[in-house]
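This briefing covers the overall form of one chain and a few selected sites. Please read it alongside the sequence and the coordinates.

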Amino acid sequence: MNFALKVGVSAIAMAVASSTAYADDAFWKEAAAPYQDVTLHGVTESTPPSNYIREVLAPQFEELTGIRVDIETTSWDQMYDKAIKDMEAGTGIYDMVFIEQDIVYSYLARDFLTDTTKLLADNPSLKAPTYSENNFTTFADYFRGENGHLYGVPMEAFIKIYLYRTDLFNDPEIKEAFKAETRHELKPATTHEEYGEIARFFTKWGEDHDLDLWGTTAQAHTGHPASWYEFFETIAPTYGVYNWGIDAKNNYAASVANGGSMNSPEAKEAMKWWLSMRDIAPPESNASTWTEVGTTFGAGRVAQGLVYGENAGWIAADESKSLVVGKVGVALPPMEDGILEEVEGGKGYIGYYDGGAFGIPATSKNQKAAMLFLQYIGQDEVQPDWAVAAPRVTNKSTYDDPKVQAMNKELGGYYDLLRDKGYLFAGAPAYPFHAQVREATAPILYQILTGDLGPDEGLDQMAAKAEAELTDLGYRK
Amino acid sequence: MQSNKLGWILLAPTLVILFFFGVLPFLYVVFVSFHQWNPFAASPEMIFNGAENFRRIVFDSAFLNSLGVTVAFVIFAVLSELVIGYLLAQAFMREFPGKSIFRTIHTLPLIMAPIIVGSVWKLMTTPSIGIIPHYLDEWFGITMNIGTSAPAAFLTIVIMDIWHWTPLVTLTLIAALVSLPRDPFEQAQIDGANKAQTFWHITLPMITPALVATVFIRLMDALRTVDEVWMLTGGGPGSSTRFLGVHIFKEVFPKTNYGYGSTISVIVLYLTIVVCWLLYVSMLAPRKNRKG
């Protein structure tokens, strides 16, 4: 291509790009014109993705459209408290609420949310040319109602992964010692047996070498639901116990006697394995939620662990917080033989696909202006910087962005894993009674963790309690 | 008549605010407590169920357990705060080098929000990382793990509460001690009373009103402790530190069991009033009778 041709092509490309940008800007200004006196109020959990919305995307949107956006970031509990009370009482304070994946079914059951697909279909002038539901990854499907319509625009999505220390796994002395002891090569585990073997080896290695090093993490807080989630959404599925062991199609049975699997032999085996890992994890594990598990890993105290993807970013790349930057690899969680095939065949899942969306309460008085904002944060264009600032991917095109690719390398291939293996993970089951069953059964789990109850007896009690709670709530007849 | 009218006019804004933000919500909680209401149940409507929630509470082992640990916490924490607070108040009545600095430092915990206190103590007591378990292990060979040991978790919360709230007791008792007249003490000295007799027959009766007020404040606070415990143990290990405040929080917010949660709130309020009334009768009524 000669110089003149290159200049010509570049000029055309720039002209097309600038005219598209102009056209896009013109759309936002024109669509926002009727809402100039509106201030949108949103409430969300104080997380890196939400903070990015408040600090970056909301001001950008304000500048572009003139619509003021007030995003309130608060604690997880407060966020739910405020949002639910607002929607329940119909006060209409909030125009946007954070919908964590596991609460969406409760909200849909109560008709709390606005059908965004329908809202855009009924108001074509609101539809941004750069917004399309097709741009989202399959994670968006968790926010669709029975009619297939979208009730929330995804804003964060991550999986809970198996994180391991590449420096330790590649250390020649350690590798040799591991092989001498186990007669296996040291490599990331694929089964529980392998994981346990590696965990025991590193805990002993730490003891023998007077190091603050243990073989595994354990999110085993004895008074916080984090432990409940670790068991039911991370450990139990890898033993083939899905949907918390509750069979919604069988009158919400939880006990084996009634057709559930919460106290099945597989669940009991999973519990025993998890407890055995907890026993060789760092001492802080009994007081660890997801946050402390990330901190433990980032402090270099464990050789491997099951860690939420939202923490993987800073553990692998933030030198101001993590001591293991550049020393982290990611892999699928270990599982029992046959589970991967079962999941690939369409039954169950191997771990938790977590995240959330921004939705518009049915009680909002500014639904159309809020829809404009949700489209703004759902565009492909704003995603790469957001993904770099706070590891989360909700749009398919984000994976291919050079900035995200560079980040992917730092994260040991986390984004590749999310893209290629994300289909093996799943969000919380489609239950409208999520928190209710969790809170009813969690005290019994805490007793199992403290040793006041044996795992078999404890799981039997949990299954019975879950059924009693579901009966009280009117789901189980 | 004129001053009466003016008084009501001046009081009116406060009474209106109190009515809307205090009385009305309270009446609503009482109303809800007679209903079965969980917005995420199959039937999310509020259904009147008479006194069923109140009957249920009597047999609710989780509630009774919470009540038990709360009572134990209140007894240990408030009594300790009174004793330590009084001793410190007496110490501050004397002159000693660095008194003003020590008094300032001693008061600092009071200005900290409970949620911050919980966070700080969580950092200090996290097994194997926190400074307290670290030095307990290094100096005395004691393993402290509030994630597994119920007594350790309970004791830690009691100590944390004492650390946080003793300064309040000290300050109120200093105010009471400073205001005492000198004459009775001088007369007691002339009559040959020893320190114990002086304390028992003069100091204690004279500071009783301040003491009772302090006990009421601390008692009511301790009965509804949530923030610090929530941060430190989340109610665990197991249910060993699931105090009433935490129990109500978990019932009302995560479980959204508004009906039954309101019932527990009403019962806790009733128990608080009864305990305070008993204290009032036992501590102040005899004094009034003596005067009468």
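Is A:Val330 buried or exposed? A:Val330 is buried, at a relative accessible area of 13%, where buried means under 20% relative accessible area, exposed over 50% and partly exposed in between (1.4 Å probe, protein chains only).

This is a predicted model, in which local features need pLDDT of at least 70 and side-chain atom pairs count only at pLDDT 80 or more, while totals for chains, interfaces and linings use all residues. Residues are numbered from 1 along each chain as its sequence is written, chains are lettered from A in the order in which they are written, and side-chain values use heavy atoms, with hydrogens and water left out.

**Chain A overall**

- Chain A has 19 helices and seven strands, which are DSSP runs numbered from the N terminus (helices H or I, at least four residues; strands E, at least two).
- The radius of gyration of chain A is 24 Å, close to the 23 Å from the globule rule for 477 residues, so chain A is as compact as a globular protein of that length. The radius is taken over C-alpha atoms, and the rule is 2.2 Å times the number of residues to the power 0.38.
- Along the principal axes, the C-alpha atoms of chain A fill a box of roughly 65 × 65 × 40 Å.
- Of the 477 residues in chain A, 60% count as buried.
- Among contacts in chain A with a separation of 6 or more, 73% join residues 24 or more positions apart; contact means heavy atoms within 4.5 Å.
- The accessible surface of chain A is about 18,400 Å², and 51% of this belongs to carbon and sulfur atoms (Shrake-Rupley method, 1.4 Å probe).

**Sites in chain A**

- A:Val330 is in strand β6 (residues 328-331). Beyond four places in sequence, A:Val330 touches residues including A:Ile161, A:Tyr162, A:Leu163 and A:Tyr164, as well as A:Leu411 and A:Leu417.
- A:Phe139 is placed in the loop between α5 (116-122) and β4 (153-165) of chain A, and is buried at 0% relative accessibility.
- A:Phe139 and A:Ala426 are 287 residues apart in sequence, with their C-alpha atoms 8.7 Å apart in space. Among the residues that A:Phe139 touches are A:Gln101, A:Tyr353 and A:Asp354.
- A:His221 lies in the loop between α8 (192-208) and α9 (226-235) of chain A, and counts as buried at 4% relative accessibility.
- The side chain of A:His221 reaches the backbone nitrogen of A:Gly223 at 2.8 Å. Contacts of A:His221 include A:Ser285, A:Tyr446, B:Lys122 and B:Thr233.

**Chain B and its contacts with chain A**

- Helix α11(B) is mostly covered, with nine of its nine residues buried. B:His247, B:Lys250 and B:Glu251 are among these buried residues.
- The buried residues of α11(B) pack against α3 (76-89) and α18 (434-450) of chain A. Within chain B they pack against α3 (61-92), α9 (195-223), α10 (227-232) and α12.
- B:Thr256 is in the loop between α11 (244-252) and α12 (258-283) of chain B, and is buried with a relative accessible area of 2%.
- The side chain of B:Thr256 makes a polar contact with the side chain of A:Gln436 at 2.6 Å. A polar contact is a pair of N or O atoms within 3.5 Å; within protein, one must be able to donate a hydrogen and the other to accept it, and residues adjacent in sequence count only if both atoms are side-chain atoms.
- B:Thr256 also touches residues of chain B, including B:Trp37, B:Phe40 and B:Glu251.
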